[in-house]
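Subject: Handing over a structure, with notes on what was found

Dear colleague,

I am passing a structure on to you, and I would be glad if you opened it before reading any further. My notes on it follow below.

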Amino acid sequence: MWKEIALKRYPIRSKTGIPSQQLIEKFRPYLYVVPALAFFTLFFFYPIAYMVYLSFYDWSLLDLSAMKWVGLENFQALFTDNDFYQVLSNTFIFTVFTVALGMGIAFFLALWLNQRAKIYGVVQAAIFTPHIISLVSIAMLWMWLMDPQYGLLNAILEWFGLPAYSWLADTKSALASLVLVSVWKVVGYNTLVFIAGLQSIPKYLYEAAALDRSPAWKTLWKITIPMLSPTLFFLLIINTISSFQVFDTIYVMTQGGPVNSTNMLVFYIYEQGMDFYNGGIASAASVVLLLLVALLTLFHFLVLSRKVHYR
Amino acid sequence: MKGGSSLNRLATSPLKIIERILLILVSLIFVFPFLWMMLTAFKTLPEVFRFPPTLLPEVWDFSNFLKAWESGPFLKYLLNSFIVAVGVLILQFLTAVPAAYAFARYRFPGRNLLFGITLIALMIPPQVIFLPIYVQMSGWGLVNTLWSLILPYGASAFGIFLLRQSFMQVPDEVIEAARLDQASEWKIIWKIMVPIAKPVLVTFGLFSFIYHWNDYFWPLIMTNSDTVRTLPIGISMLKASEGSQVWNVIMAGNMILVFPILIIFFFAQRHIIRAFIYQSK
Amino acid sequence: MKKWKSYFLVLTLSVTAIFTGCSNQEVPSAAEGKQPAAEQKGPVEIDFWYAVGGHNGEVLEGLVKKFNESQDEVEVKASYQGDYYENHSKVLAAVAAGNQPDVTMVEIGVIAAFADAKVLADLGPYTEGDEEKYIPGLMKNSYWNDKLVAVPFNRSTPLLYLNRDMLEKAGLDPKGPKTWEELRQYSKALTKQEGGKTVSFGFSTPIDIWFYEALVFQSGGNILSEDGKSLAINSPEGKAPLEFWNAMIKEGIMKAPPGEKYNAWDVAKQDFINEQVGMIFTSTGDLKGLKDNAKFNVGAAFLPANKDFGVPTGGANLVMLAKSSEEEKKAAWKFMKWITETEQTIPWSLETGYMPVTQKAVESDEMKAADPNFRVALDQLQYAKPRPMVPGYKELQEVIMTEIQRNVLGQATPDEALSAAAEKAQKLLKK
């Protein structure tokens with residue numbers, strides 16, 4: 001420390017022009033940060049800028065040299081296309097239900113499973129298993145379970161005397177089926193995060209409530225939920241953004257069908273850009289996706305952070 | 001809490017029994033599908049098409065695994081998956097440690113801005129920007145190489161975030177002592193900070209490895225030939241190569257992908273769960 | 001614990017380094033093609049990407065092996081890419097990325113799109129008139145701007161497959177229905193109900209563009225207008241197939257198999273094998289597979305006529321890619337010529353069900369002596385029309401498919417569906 005103070009007051013400049021100790025110290029933090037920032041610039045910020053740039057051109061992956069400036073035409077085409085509105089609506093509905101169910105079910109599971117006995121640990125691990133498995137395998141597994149003729153799910157329904165469900169085969173049920181699969185995958189994760197959050201609530205708050213003979217629901221409402229708000233807030237962002245990015249299950253299970261009923265943003269971008277070679281449309285849709293993700297993040301940070309109760 | 005469990009043994013009220021049943025049911029909802037995957041993998045095709053389905057296979061058919069394995073160069077797929085996951089991890093490690101150290105322990109102009117940029121990068125999922133990155137990679141001739149799978153993930157904002165928090169918690173005295181001992185900053189990072197942050201590094205490593213091992217979307221976009229395909233892509237091709245109704249072979253192939261992870265999970269539950277839950281803290 | 005970790009790190013670093021290096025070298029040989037044909041001792045290597053899986057894929061791999069062993073100037077590296085849709089995607093993506101194969105197969109309805117995108121090589125300089133050997137009826141999707149860009153290989157027409165045993169048991173003519181009305185009656189007779197639930201359907205077909213095209217042709221219509229600039233199915237001929245299918249589904253005698261694209265075909269085929277359905281439409285290329293897997297007598301017949309018989313041809317042609325080097329192109333033609341030669345196309349046909357592609361093969365003794373099922377597609381050729389040959393059709397066919405599925409699922413009337421398709425077609429056909 002003394003050495004540095006001394007060096008600051010009396011910077012040593014060598015005769016050969018080699019940078020002094022002070023200069024190295026000045027640049028050191030930047031040197032350490034540069035590698036990571038280089039990657040971020042190259043693989044986040046530049047692509048974003050490039051993507052916005054590309055959205056103003058008519059181009060195709062087949063022939064990148066033949067780009068044509070079209071200004072806002074791509075966006076125009078996008079917003080006059082009924083299919084795109086269906087894509088947006090599908091994405092929105094999917095997200096709302098996946099997040100609501102995924103977090104709602106997880107919350108109650110967390111309250112139930114947040115106990116010490118060993119069996120609860122086992123159940124917690126059990127419900128977490130889907131989360132670490134590749135989405136591809138989960139998608140294929142559920143395709144098989146949901147097979148309209150031979151799948152286990154319809155067999156179970158029949159066993160209970162219920163009519164067979166159309167699962168992925170019909171436009172009205174396909175989206176619901178995808179919601180089911182996504183909720184199944186994420187519930188375990190949400191639950192365990194909630195449990196971690198619950199366990200960090202100081203016990204004395206509950207003791208005080210017990211002394212006050214507070215009924216269970218009141219304790220829940222006045223203590224648990226407010227104290228859990230950072231966790232709730234965190235999960236809300238994570239779940240929402242990840243629902244917006246859904247692709248694997250669509251690609252493997254429905255390819256956006258039947259009749260575009262499960263076509264959602266990322267799949268739409270993929271199809272337009274890499275199947276139909278409408279690069280301009282795909283970039284424009286990507287810009288829309290980016291704006292939505294950015295807006296969501298902003299919304300959460302601004303509006304909801306006010307509600308978050310920090311200790 | 002030994003007191004708790006001994007109390008449980010004494011009082012098995014009907015409510016407790018119902019709760020036990022519910023617990024088992026809940027666990028089954030999440031675990032039974034994997035069992036069903038396994039049971040299907042051992043059935044012969046005619047039995048797969050039985051309705052109502054049989055539970056245990058009447059005839060245990062082991063050939064489905066061989067068929068799945070031989071449907072493509074699975075050893076290569078495995079190798080590629082491994083190389084990508086490890087390669088990403090190494091790069092992330094090399095970029096995150098110095099950056100996290102700088103953010104945690106130095107004051108320098110622009111620090112907050114640069115850290116803010118890191119946080120923004122955290123918020124941008126790859127699905128949003130895959131198209132321009134594909135064009136970029138194509139321009140560099142890197143499409144369909146393992147580099148296209150590794151480089152874009154070279155720096156992890158999440159890793160930097162985690163490590164920074166961990167580094168911030170190292171007491172100043174430890175570092176001052178090292179500096180007084182004429183230790184170079186570089187040495188401090190790798191010989192002191194990293195060992196202290198080992199639990200966080202293991203946590204992050206697990207998270208990153210599992211994420212990239214399971215990644216389907218990115219290799220789907222970036223690769224188009226068997227030499228660089230990864231395991232999830234190979235598995236998904238089973239539907240096409242065998243026929244989308246040949247569920248026994250498809251399930252057998254998926255077992256190859258799923259069960260090693262399940263087994264690792266069984267033995268390393270705590271660590272893995274901690275790895276994924278850590279984000280929330 | 002510490003030591004173990006650092007050893008592991010070093011190990012993985014070295015392993016990574018070795019294999020990353022290795023994999024980079026294994027980047028497909030098309031990259032080598034960009035360099036001038038250096039003194040290459042040993043065979044010219046070319047990449048062949050194909051889109052037939054399962055049993056047919058194995059037969060193809062066998063043929064490739066035979067070719068490689070029969071000479072040492074060309075070595076073909078064959079690689080399976082998935083179904084037609086997936087292969088098309090991958091080929092185009094590879095062209096964009098610069099690592100495309102040298103030879104591939106393109107489904108005939110999409111050849112125009114590929115040719116228009118300048119992806120295909122002109123075969124003229126290489127064939128030396130060899131294309132005369134092909135059946136003329138199969139050459140309608142082979143020319144673009146008067147240049148030969150594709151040669152027939154695994155060609156097909158849709159066929160009506162019959163479970164002859166089931167037909168006989170129901171007292172029906174095992175040769176199958178000849179008209180739409182007969183199809184309806186046969187389907188009714190073959191549909192079995194048990195306790196209010198349908199246990200087996202009389203008839204099933206994937207609601208796919210190919211079969212729709214067939215029914216439009218049978219009704220005397222066309223898909224595109226003469227000039228190829230607008231959709232011609234917003235007409236009585238275009239509506240007839242939808243009305244027919246809707247009626248049969250409503251009656252409960254026809255099943256529309258669930259699933260996207262070729263998944264629906266797989267379901268239909270599996271249902272046929274499982275005897276859940278008595279008659280299906282699928283490709284002649286599935287003939288051998290169905291015969292081998294079915295435990296009953298399988299018969300193949302023309303698609304039933306409406307005003308007349310009519311089918312689109314189908315399957316894929318082999319193409320050479322424009323970006324390959326001169327040396328690779330010569331090698332590619334050698335392969336393409338060999339595999340479509342009469343000596344190869346006969347066993348190929350008999351082992352899969354695809355049509356043989358040369359006239360000599362059709363007239364050969366082996367084909368004449370073969371199981372009559374294998375000649376049905378050939379006989380149906382006289383009623384066959386080519387699939388549309390315009391670049392916009394690659395995307396348009398999927399648009400039409402989506403709209404007709406919308407109708408069959410009960411969410412749009414035939415009028416609404418076809419008008420929607422016609423509207424979207426305007427944009428796509430302008431290109």
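Two residues are said to be in contact if their C-beta atoms, placed from the backbone, lie within 7 Å. Please keep in mind that this is a predicted model, and that the values below were computed from it.

With that definition in hand, we can begin with the places where chains meet. Between chain C and chain A, 15 residues of chain C are in contact with 17 residues of chain A. On the chain C side, helix H4 (84-97) and helix H18 (393-408) each supply at least two residues, and H4(C) gives the most, with five residues. Sorted by class, this side of chain C that touches chain A has seven nonpolar, four polar and four charged residues.

Chains A and B also meet, and here 69 residues of chain A are in contact with 69 residues of chain B. The element that gives the most to the chain A side is helix H2 (residues 21-54) of chain A, with 17 residues, while the residues of the side of chain A that touches chain B divide into 51 nonpolar, 13 polar and five charged.

Next come the domains, taken chain by chain. For chain A, the domain assignment gives domain 1 (2-54) and domain 2 (81-307), and the C-alpha centres of these two domains of chain A lie 42 Å apart. Their contact takes four residues from domain 1 of chain A and five residues from domain 2 of chain A, and the domain 1 side has four nonpolar, no polar and no charged residues. For chain B, the assignment gives domain 1 (2-67) and domain 2 (72-236), with 38 Å separating their centres, taken over C-alpha atoms.

Chain C is divided into domain 1 (41-156 + 314-385) and domain 2 (158-312 + 392-430), and the C-alpha centres of these two domains of chain C lie 27 Å apart. Across this boundary, 26 residues of domain 1 of chain C are in contact with 24 residues of domain 2 of chain C. Several elements of chain C each supply at least two residues of the domain 1 side, among them H3, helix H5 (111-116) and strand S6 (150-156), and the residues of that side divide into 11 nonpolar, 12 polar and three charged.

Strand S1 (residues 44-50) of chain C deserves a look of its own. Six of its seven residues are buried, so S1(C) is largely enclosed by the rest of the structure. Seven bridges join S1(C) to strand S2 (residues 74-80) of chain C, and the two run parallel, with C:Val44 standing opposite C:Val74 in S2(C). Together with helix H3 (residues 54-70) of chain C, S1(C) and S2(C) make a right-handed β-α-β unit. S1(C) also pairs in the parallel sense with strand S3 (residues 103-107) of chain C, over two bridges, and there C:Phe48 stands opposite C:Val103.

Finally, which residues have the most contacts inside the largest nonpolar core? This core has 301 residues, and the residues in question are A:Ala139, A:Ala285, C:Ile111, C:Tyr161 and C:Met320.

With best wishes

Key
Residues numbered from 1 in each chain as written. Chains lettered and ligands numbered in written order. Predicted model: local features only at pLDDT ≥ 70, side-chain atom pairs only at ≥ 80, totals over all residues. Core = buried A, V, L, I, M, F, W, Y, C linked by C-beta atoms within 7 Å. Buried ≥ 20, exposed ≤ 12 C-beta atoms within 10 Å, placed from the backbone. Domains from an automatic or database assignment. Nonpolar A, V, L, I, M, F, W, Y, C, P; charged D, E, K, R; others polar. Helix = DSSP H or I, 4+ residues; strand = E, 2+ residues; numbered from the N terminus. Pairing = 2+ DSSP bridges. Right-handed = clockwise from strand over helix to strand, strands pointing away.
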